[in-house]
Structures are given as C-alpha cells and as structure tokens.
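These are my notebook entries on a single structure, taken in the order in which I looked things up.

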Amino acid sequence: QSHFQRVKRGWVWNQFFVLEEYMGSEPQYVGKLHSDLDKGEGTVKYTLSGDGAGTVFTIDETTGDIHAIRSLDREDKPFYTLRAQAVDIETRKPLEPESEFIIKVQDINDNEPKFLDGPYVASVPEMSPVGAYVLQVKATDADDPTYGNSARVVYSILQGQPYFSIDPKTGVIRTALPNMDREVKEQYQVLIQAKDMGGQLGGLAGTTIVNITLTDVNDNPPRFPKSIFHLKVPESSPIGSAIGRIRAVDPDFGKNAEIEYNIVPGDGGNLFDIVTDEDTQEGIIKLKKPLDFETKKAYTFKVEASNLHLDHRFHSAGPFKDTATVKISVLDVDEPPVFSKPVYTMEVYEDTPVGTIIGAVTAQDLDVGSSAVRYFIDWKSDGDSYFTIDGTEGTIATNELLDRESTAQYNFSIIASKVSNPLLTSKVNILINVLDVNEFPPEISVPYETAVCENAKAGQIIQIVSAADRDLSPAGQQFSFRLAPEATIKPNFTVHDFRNDNTAGIETLRNGYSRRLQELYFLPVVIEDSSYPVQSSTNTMTIRVCRCDSDGTILSCNVEAIFLPVGLSTGALIAILLCIVILLVIVVLYVALRRQRKKDTLMTSKEDIRDNVIHYDDEGGGEEDTQAFDIGALRNPKVIEDNKIRRDIKPDSHCLPRQRPLVEDNTDIRDFIHQRLQENDADPAAPPYDSLATYAYEGNGSVAESLSSIDSLTTEADQDYDYLTDWGPRFKVLADMFGEEENNNPDNVT
C-alpha cells in the first residue's frame with residue numbers, strides 16, 4: 001500500500017520590487033528564483049509565465065535570476081502577477097508545482113499635482129467683509145498616496161495678494177481685504193499653486209488660474225454731472241413731443257443703476273413732464289401743454305434723480321438721490337393767425353333777406369410784427385354757398401333765402417391766413433342755427449275719426465286728441481282747442497281743452513245717440529298756437545255712432561266700421577268680396593266635375609260585370625219610333641251597313657270595320673241570327689266573357705209567341721184581342737181595356 005508523504009516546498013524567495021522609471025543601461029535586477037532540488041548541477045530549468053513574462057520580465061533558465069528589461073510606470077500598472085516553475089531538463093517534468101508571485105512597481109515622485117477643473121471662474125459681492133467665501137479648488141497627484149509624501153499636496157497663492165487668501169490644506173479661497181469696490185476694480189486674476197511632498201524642497205508643483213469678479217451692489221447714488229441744464233424749444237412744438245434729455249450718472253450696474261426722474265413742483269413745472277429711457281437711463285423731458293413765445297419766453301424748474309432699488313446696508317451713506325436745475329428757453333416761430341374763439345355759434349331767422357350780416361369772426365397774428373389777416377370760407381364744407389364772408393372784416397352774411405323746415409342748422413369752416421405768409425393758415429368751425437318764423441298752423445294729430453256708443457252718457461270723454469306744428473318755437477309749442485263758431489249752435493259734442501299737455505278731449509253733451517236717426521257727426525275743431533304771429537286751423541273730426549255693450553265695448557257700427565280698426569278701406573273690402581265669390585265658383589265647378597267623374601266610373605264598373613247587360617239610357621217610342629232602333633236589318637238583310645258598330649261594347653277607335661258577307665234574299669231570320677252569333681264568337685274585339693246581345697226577335701217556343709210588330713197587321717182593325725181573356729187573371733185588366741176599345745170602335749158595329 002502506497003502512501004503520500006508531504007513534501008516541503010523548496011522555493012527560495014527574494015523580495016520582488018522594481019523601481020519605476022529606471023533609466024540604467026543594464027536590465028534592472030528584480031530577484032532570484034531557486035529550488036532546493038537544484039543542486040547546482042545544471043539539471044533544473046526555470047520558466048516564467050504571466051503578466052509581462054518575456055516582454056517586461058525575463059528569467060535566467062539556469063540560475064533563476066529575474067530582470068526587468070523595460071522602464072516601468074507605476075501610474076500605468078502598479079504590479080504584475082507572474083507564475084514560476086522548476087522543470088527537469090532531461091525529463092521535461094516539473095520538479096515542483098507551479099507557484100504564483102507578484103512584482104510591485106515601487107513609486108517615485110514623478111507626477112506633479114494637476115487641477116483637473118481649472119481654470120476657475122468665481123464671483124463675490126463687492127464691499128464684502130474679510131474672509132468671505134469665494135471658491136474651493138482641488139489638485140490631484142497621480143503618485144502613490146500610501147507611499148511617502150509624493151501625493152501630499154499643499155496650496156498657496158502666487159498672484160492675487162493681498163486681495164485673496166487660500167487655505168493650504170483645503171484649497172478654499174476667501175477675501176483678504178475689506179470693502180473691495182467694484183467701481184474701482186471689478187476683475188481679479190488669482191494664480192494658485194499646488195505642490196506635493198508637503199510643500200518641501202524638491203516637490204513637484206502645478207498651477208491654475210482663478211478669475212474672480214466683484215458683483216455689483218447698490219452702494220452709489222445717482223449724480224448729475226452738472227447742476228444746470230439748458231434746453232431750447234420752439235413754441236410750435238406739439239404736445240407730447242420730446243424737447244430734451246438730461247442724465248444722472250450712477251456707477252452701479254444693472255438694476256442697481258436704474259434711475260427714476262421727477263420734476264420738483266415749481267415755476268413752469270406743470271407745462272412739462274419727464275420719463276426715463278430704460279435703455280440709456282436718461283430723463284426725457286416732454287411737453288405737456290402748448291408753449292407761446294408771446295406769453296412767456298423761458299421756464300425754470302428742478303429735476304430729481306433717485307434709485308429705484310435701494311440696499312438697506314448703505315442707507316447710512318446718505319440719500320440715494322440728486323437734483324439739478326433745468327432752464328428752458330422758448331424760441332419764437334412764425335405762427336398762423338389765432339381765432340378769438342374755438343367755435344363760433346350764430347343765429348338767423350329763416351326768410352332773412354339775402355345779404356343780411358348775421359355775425360363776424362376775428363383772428364389775430366400774435367407774432368412780433370403782427371401781420372394783417374384775410375378770411376375765406378372753406379369750399380369743401382359749404383358747397384351750396386348759403387353764406388359769404390368779408391375777406392377783410394370777417395363778417396358773415398346770407399347768400400340765399402333760408403328755410404328752417406328744410407335745413408335747421410349749417411356747419412362749415414372759415415380759414416384765416418396771414419398776408420405776410422399766406423401758407424400759414426388756421427381754421428375754425430361755424431355753427432349757424434336757423435330760427436323758426438311762425439308760418440304754419442297747428443294741425444290735429446291722428447285719429448281724425450272716432451266713435452261714440454249709442455248708450456253714451458252726457459259729459460263722457462270719447463276721444464283724446466293732440467296737435468302737431470311744423471314750426472319750431474324756442475320756448476316750446478303751446479296749443480289751445482275750441483269748437484268752431486258754426487258748431488256752437490245746439491251741439492251734440494264739445495271740446496274740452498286740457499291746456500297743460502297740449503291735448504283736448506271730445507266730450508258728449510247728451511244722453512244716448514241713435515244710429516238709425518244719424519250715423520255720422522262732423523265736429524269742427526279749431527287749434528291755435530301761441531307763437532307770433534298766431535296761426536290757427538280748423539280740423540273736422542268724424543264721429544260714428546256704434547252699438548256697444550254695457551261696458552262701452554263697441555260691438556258693431558257698419559261693414560266699413562267693423563274693418564276700419566284693422567285699417568281696411570272700402571276698395572279693399574270690395575276686392576276681398578270678389579275674391580270670395582271667385583273662390584265659391586271654383587268650388588262649385590270642382591264639385592260638379594267630381595260628380596261627373598264618379599258617374600263615369602260607375603258606368604265603367606257596370607260594363608265590367610260578367611254576363612254584361614248593355615244600357616242605352618233611352619226608352620223606345622213603340623212601333624212608330626223608327627229612330628230608337630233600326631230593325632230594318634231584320635226585315636231586309638240587304639240593308640246591313642258595312643261599318644255597323646256593335647252597340648253592346650264600347651267602340652274602339654283603333655278597330656277596323658269588319659267586312660260582313662252579304663245575306664242573300666229570302667234567307668231565313670234564324671240563319672241571319674245564327675250568322676251574327678258566329679261573327680260575335682269570332683270577333684277579337686268582343687269582350688272575353690258572356691254577353692247578352694239583343695236582336696229584337698222572339699224565337700219559337702214562346703207561349704205568347706212573338707211580341708214583335710214585324711208580323712203585325714198593317715191596321716189595328718185587323719187585330720183580335722179576345723185571346724187576352726184566355727191568359728188568366730193577370731191579363732184581365734189588359735183584356736178589359738182592349739175589349740172596351742173594340743166595343744167603342746164604330747167600325748166594329750155590324
């Protein structure tokens with residue numbers, strides 16, 4: 001039985017380290033591998049595998065010495081993992097198991113600190129206290145921080161003192177001086193150094209730049225660069241126009257430099273206004289009211305400039321505002337004439353004679369060295385030339401007769417120009433009101449017709465009337481109403497003048513009115529106005545008597561009165577009645593036509609009945625009536641007409657007449673009827689059902705024999721009516737009637 005025995009490892013290890021950045025001419029010795037099975041006889045071969053085997057590291061197969069054949073950089077690869085094995089040279093078999101080992105690259109201070117985020121930009125408010133935080137910087141050293149001081153960094157300021165300081169360990173930058181003013185210096189460039197080896201001599205260093213900006217605070221009030229501003233403005237400048245600019249200087253920036261301008265109340269300040277230009281922060285002075293050189297030639301006022309956004313930390317420095325004086329000189333401009341009024345209003349009575357002066361306008365040249373003025377009417381506004389104007393005096397006169405009822409007011413313009421400069425003109429509006437002359441009498445307003453009930457009581461107001469006047473009185477119209485003198489004798493009605501509201505009431509003077517005695521009453525009413533000269537007119541009112549109920553509601557007057565409330569005249573009523581009559585005639589004709597069509601339909605339905613019986617709607621006149629039915633064909637077959645149309649069916653206009661064969665003389669009636677029967681059976685135009693055709697022939701087998709008069713004797717005397725008594729009681733009356741005729745006939749007396 002075999003058993004395993006633990007074998008003691010026979011490797012002999014040296015410390016395996018290699019310096020980075022080796023610059024020697026010979027390969028750098030790393031270490032030696034040795035097995036205790038190697039007796040120095042050259043029977044053991046050493047092999048190397050793993051990271052960098054053969055390219056970075058080599059091994060002597062006999063001695064086991066390991067060398068680095070290339071310069072190494074710890075920052076690229078800090079260590080290498082390799083495997084070593086001892087092999088018998090002859091048998092090529094491993095003498096010991098393969099063993100793994102590590103070669104470390106030993107760090108040297110070959111990397112300076114670097115600011116990966118530089119250069120830096122930072123800001124801090126101006127006037128900040130000492131120690132105000134600005135920024136923190138950070139440098140990175142690629143050397144091994146666990147080995148020596150190669151990666152230990154210390155910060156310092158190379159440029160930027162004495163304004164800023166930096167913490168050597170943390171890299172925090174802070175202000176080093178108080179009250180740094182942005183308006184003095186705004187930008188600072190600080191150079192920062194980071195040095196390894198703890199800042200000792202021989203350490204490597206890196207630098208970066210930090211650009212620091214002082215941000216603005218409102219620590220400066222606005223200031224006017226001068227105390228007095230002089231401006232000149234023409235007197236013709238329009239209202240709202242900018243006449244000049246002034247500016248206060250504020251060294252601050254942004255919203256801290258925004259300025260508000262105000263005019264201090266005082267001399268002339270109410271004629272001007274000032275606003276701020278948001279882009280330039282200038283004060284724009286604008287004109288609020290018109291200027292007149294002849295009235296005032298100069299204005300002086302003060303303007304105040306102040307900050308909109310204040311900082312409470314600097315209130316103690318004093319008020320953040322400044323004032324300046326503005327002097328404005330008004331320049332004289334050659335101006336057009338000025339009318340004494342903005343609008344002229346004049347009055348003239350209608351029918352005033354042509355050429356009458358109704359008023360005047362006045363314009364003056366207010367400039368120095370006053371010029372004469374000329375007037376003329378603007379033809380665009382007075383195309384009809386109702387008025388004229390004196391070019392020198394400015395008097396306005398009528399040019400045509402005026403009529404207030406046609407045009408009550410005229411509106412036109414008058415232009416005034418300077419003689420020295422005709423291009424300078426001004427315009428004014430003229431309103432001329434045409435006053436009324438009382439020339440028209442008042443007239444009664446509608447209605448001109450009213451109604452009174454038959455059962456009306458005395459003193460009852462049946463209608464309120466008012467009046468209208470085409471004249472227009474400035475004081476307002478005042479009308480009076482009364483009865484005409486001819487109507488005051490035994491009046492049935494009277495007029496009650498209400499006076500206050502220019503109306504009057506028609507009042508009854510007796511109880512009850514009869515429509516049969518008098519249907520219409522005519523009441524003359526006199527209406528008079530109060531103007532001068534007084535005008536009056538007589539208006540006749542028509543009063544119609546009507547039948548009313550107990551409440552006074554009109555029931556009926558007459559045909560015309562019934563329709564009058566709806567506004568229909570007599571002609572309209574006649575037209576309506578004619579239309580009604582025409583409609584009735586149309587209805588009667590329509591009903592008659594419907595009945596005729598219904599009758600035709602009934603006849604057609606009767607013809608459609610099976611076993612049809614033809615109705616001819618006429619009654620024969622007996623043997624003497626030879627027009628009702630032609631029996632000549634039965635007596636003489638030769639008289640048969642070629643185009644005889646059947647009477648038992650409706651004639652067809654499209655059917656051709658049938659050609660019948662002529663019947664020979666001496667043909668028996670029975671054969672004739674048989675022939676006709678065959679023709680009907682073969683006729684394609686005959687109805688496809690049984691039909692009863694009447695041929696006025698009685699066949700054999702009848703008890704009464706033939707009733708036709710074909711075989712009758714030519715005279716009534718040859719007839720013997722005794723056989724009627726043999727026919728029974730039903731024919732007794734007929735037998736007695738003909739028996740009496742025989743007895744009364746003298747020819748029968750023997």
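**Entry 1: a tryptophan in a loop.** I looked up W379 and found it in the loop between β28 (373–377) and β29 (387–389). The model is a predicted one. Is W379 buried or exposed? Its relative accessible area is 64%, so W379 counts as exposed. I then checked W379 against S413, which lies 34 residues away along the chain, and read a C-alpha separation of 8.4 Å.

**Entry 2: a nonpolar surface patch.** I next listed the members of a nonpolar patch on the surface: Y723, W727, F731, L734 and M737. Together they present about 420 Å² of accessible area. With a relative accessible area of 31%, F731 is partly exposed.

**Entry 3: disulfides.** How many disulfides does a search of the whole structure find? It returns two. With bonded cysteines counted along the chain, I noted the pattern 1-3, 2-4.

I took the bond between C453 and C548 to begin with; its S to S distance is 2.0 Å. The torsion about this S-S bond is about -85°, so I recorded the disulfide of C453 and C548 as left-handed. C453 belongs to strand β34 (residues 449–453) and C548 to strand β40 (residues 536–548), so the link ties together parts 95 residues apart in sequence. Both cysteines, C453 and C548, are buried.

I then turned to the bond between C546 and C557, where the S to S distance is 1.5 Å. Here the value about the S-S bond is 105°, and the link of C546 and C557 is right-handed. C546 lies in strand β40, whereas C557 lies in the loop between β41 (554–556) and α1 (559–563), so this pair ties together parts that are eleven residues apart in sequence. C546 and C557 are both buried.

I also looked up C579, which counts as partly exposed because its relative accessibility is 48%.

**Entry 4: a four-stranded sheet.** I traced an open sheet of four strands in the order β17-β23-β22-β19, with mixed pairing. Why is one side of β17 and of β19 left without a neighbour in the sheet? β17 (228–234) and β19 (259–264) stand at the edges and each has a single partner strand, so one side of each remains without a neighbour. From one strand to the next, the twist averages 30°. For β19 I followed the pairing with strand β22 (residues 298–307), which is antiparallel and runs over six bridges. Within this pairing, I263 has V303 in β22 as its bridge partner.

**Entry 5: strand β8 and its partners.** I examined strand β8 (residues 79–88) and found seven of its ten residues buried, so that the strand is mostly covered. Strand β5 (residues 44–50) runs antiparallel to β8 and is joined to it by seven bridges; S49 has R83 in β8 as its bridge partner. β8 is also joined, by six bridges and again in the antiparallel sense, to strand β9 (residues 99–106). There I read S99 in β9 as the bridge partner of A84.

**Entry 6: strand β15 and its partners.** Strand β12 (residues 154–159) pairs with strand β15 (residues 187–195) in the antiparallel sense over five bridges. The bridge partner of I157 in β15 is I192. β15 also pairs with strand β16 (residues 205–215), antiparallel and over nine bridges. I noted Q187 opposite T213 in β16.

**Entry 7: backbone details.** Which peptide bonds did I record as cis? One runs from G118 to P119, with omega near -5°, and P119 lies in the loop between β9 and β10 (120–125). Another runs from Q161 to P162, with omega near 5°; P162 is placed in the loop between β12 and β13 (164–166).

M127 has a phi of about 60° although it is not a glycine, and its place is the loop between β10 and β11 (133–136). M127 is partly exposed, with a relative accessible area of 25%. D351, likewise not a glycine, has a positive phi of about 65°. D351 is found in the loop between β25 (343–349) and β26 (357–360), and its relative accessible area of 45% makes D351 partly exposed.

Terms used
Residues are numbered from 1 along each chain as its sequence is written. This is a predicted model: local features need pLDDT of at least 70, side-chain atom pairs count only at pLDDT 80 or more; totals for chains, interfaces and linings use all residues. Side-chain values use heavy atoms; hydrogens and water are left out. Two strands pair if DSSP finds at least two bridges between them. Helices (H or I, at least four residues) and strands (E, at least two) are DSSP runs, numbered from the N terminus. Axes are lines fitted to C-alpha atoms, for helices over the stretch in contact, and angles run from 0 to 180 degrees between N-to-C directions. A disulfide is a pair of cysteine sulfur atoms within 2.5 Å. Buried means under 20% relative accessible area, exposed over 50%, partly exposed in between (1.4 Å probe, protein chains only). Patches are made of residues with over 30% relative accessible area and no salt bridge: like charges are joined within 9 Å, nonpolar side chains (Val, Leu, Ile, Met, Phe, Trp, Tyr) within 5 Å. Accessible areas come from the Shrake-Rupley method with a 1.4 Å probe; for residues, only the protein chains shown count as cover. A salt bridge is a side-chain nitrogen of Lys or Arg within 4 Å of a carboxyl oxygen of Asp or Glu.
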